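Good morning, and thank you for the time. I would like to take the group through one model, beginning with the terms and then moving through its elements.

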Amino acid sequence: MRFTKMHGCGNDYIYIDGARERIRQEEKPELVRKLSDRHFGIGGDGVIFINPSKEADFEMEMYNMDGSRAEMCGNGIRCVAKFVYDKGLTDQTRIRIISSGKIKCLDLSLEGGKVSTVRVNMGAPILTASEIPVIAQDGRERVIGRDIEVDGSVYQMTCVSMGNPHAVVFLEDVSGLAIETIGPLFENHPWFPKRVNTEFVKILDRDTIEMRVWERGTGETLACGTGACAAAVACILNGLTNETVAVKLLGGCLEIFWDQDQNLVYMTGPAATVFEGEI
């Protein structure tokens with residue numbers, strides 16, 4: 001089986017051409033776990049299959065490293081765009097990719113004939129608690145700046161879905177955070193019926209934030225595109241930043257713009273190929 005290892009700001013996945021490599025659906029979760037293992041496999045935050053699509057130009061079928069399906073990955077979808085263009089599967093610099101039934105529009109920027117950065121229309125942020133989903137304890141439709149108790153401490157949390165659920169928590173310091181301890185407690189908190197991705201955010205100024213992320217089914221990753229989008233939306237909702245935000249992650253920086261007039265979130269960031277091989 002041929003594969004390509006790619007990353008967006010260090011958020012790395014194994015990419016497989018689903019039109020070329022025919023794998024039975026029931027075999028994929030176990031295959032994903034084996035391939036994602038950083039000691040006994042290729043190593044990555046998960047596996048993304050790039051499939052043909054009737055509804056869009058391509059389909060992104062994404063799995064976390066534990067074999068569970070995920071709805072969307074902002075860093076992953078940029079790498080899908082680079083994969084299909086660099087390999088000659090398309091000659092268009094504006095393409096549409098579907099993931100879990102949702103279509104995203106992407107604009108590709110080239111350097112030396114290959115994709116270097118991608119701007120993604122990530123769509124409208126979902127703020128309704130039942131659609132994220134998160135159990136709103138006070139009965140309100142939105143969860144913005146609400147208290148949540150985790151491991152005996154109370155945090156202020158804002159919840160956003162960008163096609164997958166996010167809880168954004170603001171802290172004075174994120175570099176010293178024991179994320180391996182607190183991350184799983186948020187992920188599996190009973191308020192989140194489908195578990196949750198958690199963004200721990202420090203405000204640097206009105207245009208810049210620093211963020212670490214704990215992704216459900218994976219653990220801490222060097223970057224999370226949907227998480228960066230959710231964090232930017234949460235910052236704006238709480239009056240902490242302007243509508244264009246530079247999100248500094250462990251693996252790099254993403255630019256997020258929330259066009260509130262159109263209610264659309266745009267993410268711009270790099271996509272890189274690491275290596276290719278056969279397993």
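Helices and strands here are DSSP runs, numbered from the N terminus, where a helix is H or I with at least four residues and a strand is E with at least two. This is a predicted model, in which local features need pLDDT of at least 70 and side-chain atom pairs count only at pLDDT 80 or more, while totals for chains, interfaces and linings use all residues. Residues are numbered from 1 along each chain as its sequence is written, and side-chain values use heavy atoms, with hydrogens and water left out.

Let me start with a loop residue. Asn 263 lies in the loop between strand E16 (252–259) and strand E17 (264–270). Although Asn 263 is not a glycine, its phi is positive, at about 55 degrees. For accessibility, buried means under 20% relative accessible area, exposed means over 50%, and partly exposed is in between, computed with a 1.4 Å probe on protein chains only. Asn 263 counts as partly exposed because its relative accessibility is 30%.

Ser 100 is another non-glycine residue with a positive phi, in this case about 50 degrees. Ser 100 sits in the loop between strand E6 (94–99) and strand E7 (102–111). With a relative accessible area of 40%, Ser 100 is therefore partly exposed.

A further backbone feature is the peptide bond from Ile 132 to Pro 133, which is cis, with omega near -5 degrees. Pro 133 belongs to the loop between E8 and strand E9 (146–150).

Two strands are said to pair if DSSP finds at least two bridges between them. With which strands does E1 pair in the antiparallel sense? One partner is strand E18 (residues 272–278), joined to E1 (residues 2–8) over six bridges. The other is strand E2 (residues 11–17), which runs antiparallel to E1 with five bridges. Thr 4 shows both pairings: its bridge partner in E18 is Glu 276, and in E2 it is Tyr 15. E1 and E2 form a hairpin with two residues between them, and Cys 9 in the turn has a positive phi of about 55 degrees. Strand E1 is mostly covered, with five of its seven residues buried.

Next, the interior. In soluble globular proteins, nonpolar side chains tend to be buried together. A nonpolar core is taken here as a set of buried Ala, Val, Leu, Ile, Met, Phe, Trp, Tyr and Cys residues joined through side-chain atoms within 4.5 Å. The largest such core has 55 residues, and those with the most contacts inside it are Tyr 15, Leu 106 and Ile 256. Helix H4 (residues 225–237) supplies the largest share of this core, at nine residues. A second, separate core has 21 residues, including Val 134, Met 157, Val 196 and Phe 200.

For contacts, the criterion is heavy atoms within 4.5 Å. Leaving aside neighbours within four places in sequence, Ile 256 is in contact with residues including Ala 228, Cys 229, Ala 232, Val 265 and Tyr 266.

Val 160, in strand E10 (residues 153–161), is buried because its relative accessibility is 0%. Beyond four places in sequence, Val 160 touches residues among them Pro 125, Ile 132, His 166, Ala 230 and Val 233.

Ser 36 is in helix H1 (residues 28–36) and, at a relative accessible area of 1%, is buried. Its contacts, again leaving aside neighbours within four places, are Ile 14, Gly 43, Gly 44, Gly 46, Val 47 and Met 65.

Ser 116 lies in strand E8 (residues 114–123). At 17% relative accessibility, Ser 116 is also counted as buried. Not counting residues up to four places away in sequence, Ser 116 touches Ser 109, Leu 110, Glu 111, Pro 270 and Ala 271.
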